[in-house]
Amino acid sequence: MKTIPLFVLIILTASAVIAEWQCPHGKLLVYYCVDSGYYDLFRLSFGSLLSVLSPKEHSCVGVVVLVPQINASTAHEFRARLREEKQACWSVVPVVFPLSATGVAVRDEETLGRFRVFEVPDTANYTVALYVDADTLFVKSPLSLMLRSGALKNGQVYAVPTGTSTSAQFNSRYFGLHHYSSQQVDGFIRDGVKPMNSGVFCFNLQSHTIAMMRDLYYFAMREIFAGTKHFVDQSFFNHYLLTHRLGNTTFLKGHVQMASGKVGETVAKSSTVVLHFIAAGLGSHQYKLQRMQAYLDNHHTRHLNWKMKECQNKKD
């Protein structure tokens with residue numbers, strides 16, 4: 001019988017202990033759903049995530065980019081741009097996963113993709129999923145929050161409350177589908193149910209919760225094909241989760257901050273993990289980009305520009 005040399009056995013044992021120590025509560029899947037036209041926003045968001053992760057945390061995070069196939073070359077273009085960013089220098093490399101077209105309007109295709117996590121392979125390797133829009137920046141590592149033992153319950157989706165709990169708010173085009181009865185609204189208010197923003201949300205990656213996300217997606221598709229008036233993803237997100245009492249607005253409150261000021265005005269609060277640069281009437285994609293870059297320049301000492309410069313220097 002062959003024996004394993006003691007020094008090899010020690011190395012193997014130490015490696016197993018280190019791997020367990022690095023991810024004691026499992027792994028986090030961070031995922032985006034963006035068209036290639038939003039690559040510049042994604043680049044800043046993804047770079048901010050890398051900059052806040054410690055070296056030990058990198059192996060506990062996976063990043064997936066769901067890319068709607070608006071045309072046949074969309075996913076190819078996205079991968080090509082990632083290669084241009086010298087992805088070999090990145091400790092976490094995003095996986096680009098193309099989503100098949102479904103025949104709905106382009107805007108719906110782009111936004112409903114966030115619910116299609118059930119199509120992503122190998123989700124069993126992760127404990128928790130965190131969806132973030134491309135117009136977000138990480139200011140702290142999300143791991144200790146997301147992977148805290150017992151923090152997230154199966155079958156619940158955790159998001160940030162938005163607005164007030166009133167009949168007008170629930171039935172606005174942002175948070176409802178004009179299907180709520182007065183009894184439902186009274187029930188929401190009585191139970192402390194609040195309308196939610198769908199730009200950042202998280203959930204346990206258990207089979208029951210993944211099946212729920214699938215049901216949410218197909219609910220939205222049925223409503224769209226039936227001609228229901230809606231405000232892209234957020235109407236369906238709220239209507240489904242509120243009526244089924246599956247949304248939680250307390251867990252992320254204080255950790256996801258809505259940044260709605262002008263260029264250079266955003267300051268993260270001490271508890272903030274993710275900054276979400278919502279439009280809030282201030283306009284375009286380009287304006288969001290300016291606000292995100294201004295925050296990085298003013299507050300984020302290890303921001304993406306530095307990382308990209310370092311990566312270029314290594315290549316040169």
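Predicted model: local features only at pLDDT ≥ 70, side-chain atom pairs only at ≥ 80, totals over all residues.
Let me start with Leu246: setting aside neighbours within four places in sequence, Leu246 is in contact with Gly155, Gln156, Val157, Met212, Tyr240 and Leu241.

Where does Leu246 sit? It is found in the loop between helix 9 and strand 8, the latter being residues 247-248. Leu246 has a relative accessible area of 18%, under the 20% cut-off, so it counts as buried. One of its contacts, Gln156, is 90 residues away in sequence, yet the two C-alpha atoms are 5.0 Å apart.

Now the cores. The largest nonpolar core has 53 residues, and those with the most contacts inside it are Val30 and Phe42. Helix 2, residues 39-52, gives the largest share of this core, eight residues. A second, separate core has 42 residues, including Phe203, Leu216, Met221 and Tyr240.

What does Phe42 touch, not counting residues up to four places away in sequence? The list is Tyr32, Val34, Val65, Phe78, Leu82, Pro94 and Ala134.

Next, the cysteines. How many disulfides does the structure hold? The structure holds one. Cys23 is joined to Cys60, with an S to S distance of 2.0 Å. The angle about the S-S bond is -100°, and the link of Cys23 and Cys60 is left-handed. This pair links distant parts of the chain, 37 residues apart. Cys23 lies in the loop between helix 1, residues 6-22, and strand 1, residues 28-33. Cys60 lies in the loop between helix 2 and strand 2, residues 61-68.

Are these two cysteines buried or exposed? Cys23 is buried, at a relative accessible area of 14%, and Cys60 is buried as well, at 1%. Cys33 has 6% relative accessibility and counts as buried. For Cys202 the relative accessible area is 0%, so Cys202 is buried too.

The largest pocket has a volume of about 800 Å³. Its lining is made up of 32 residues. Which of them lie nearest the centre of the pocket? They are Arg107, Asp133, Asp135, His276 and Lys288.

By class, the lining of this pocket has 14 nonpolar, 10 polar and eight charged residues. Several elements each supply at least two residues of the lining: helix 4 (106-112), strand 7 (196-204), helix 9 (232-243) and helix 10 (285-299).

Last, the cavity. The structure holds one cavity of 30 Å³ or more. About 40 Å³ of space lies in the largest cavity. Its lining consists of Leu130, Pro142, Leu145, Met146, Val200, Leu252, His255, Val256, Val273 and Val274. How does that lining divide by class? Nine of the residues are nonpolar, one is polar and none is charged. For the largest pocket, as I said, the lining has eight charged residues.

To go back over the main points: there is a nonpolar core of 53 residues and a second, separate one of 42. There is one disulfide, joining Cys23 to Cys60. The largest pocket is about 800 Å³ in volume, and the largest cavity holds about 40 Å³.

Methods:
Residues numbered from 1 in each chain as written. Heavy atoms only, no water. 1 Å grid on protein atoms, 1.4 Å probe; cavity = no way out; pocket = protein on both sides within 12 Å on 5 of 7 lines; lining within 4 Å. Points joined across faces, edges and corners; volume = space filled by probe spheres on them. Helix = DSSP H or I, 4+ residues; strand = E, 2+ residues; numbered from the N terminus. Nonpolar A, V, L, I, M, F, W, Y, C, P; charged D, E, K, R; others polar. Core = buried A, V, L, I, M, F, W, Y, C linked by side-chain atoms within 4.5 Å. Buried < 20%, exposed > 50% of the residue type's maximum accessible area, 1.4 Å probe, protein only. Contact = heavy atoms within 4.5 Å. Disulfide = S-S within 2.5 Å.
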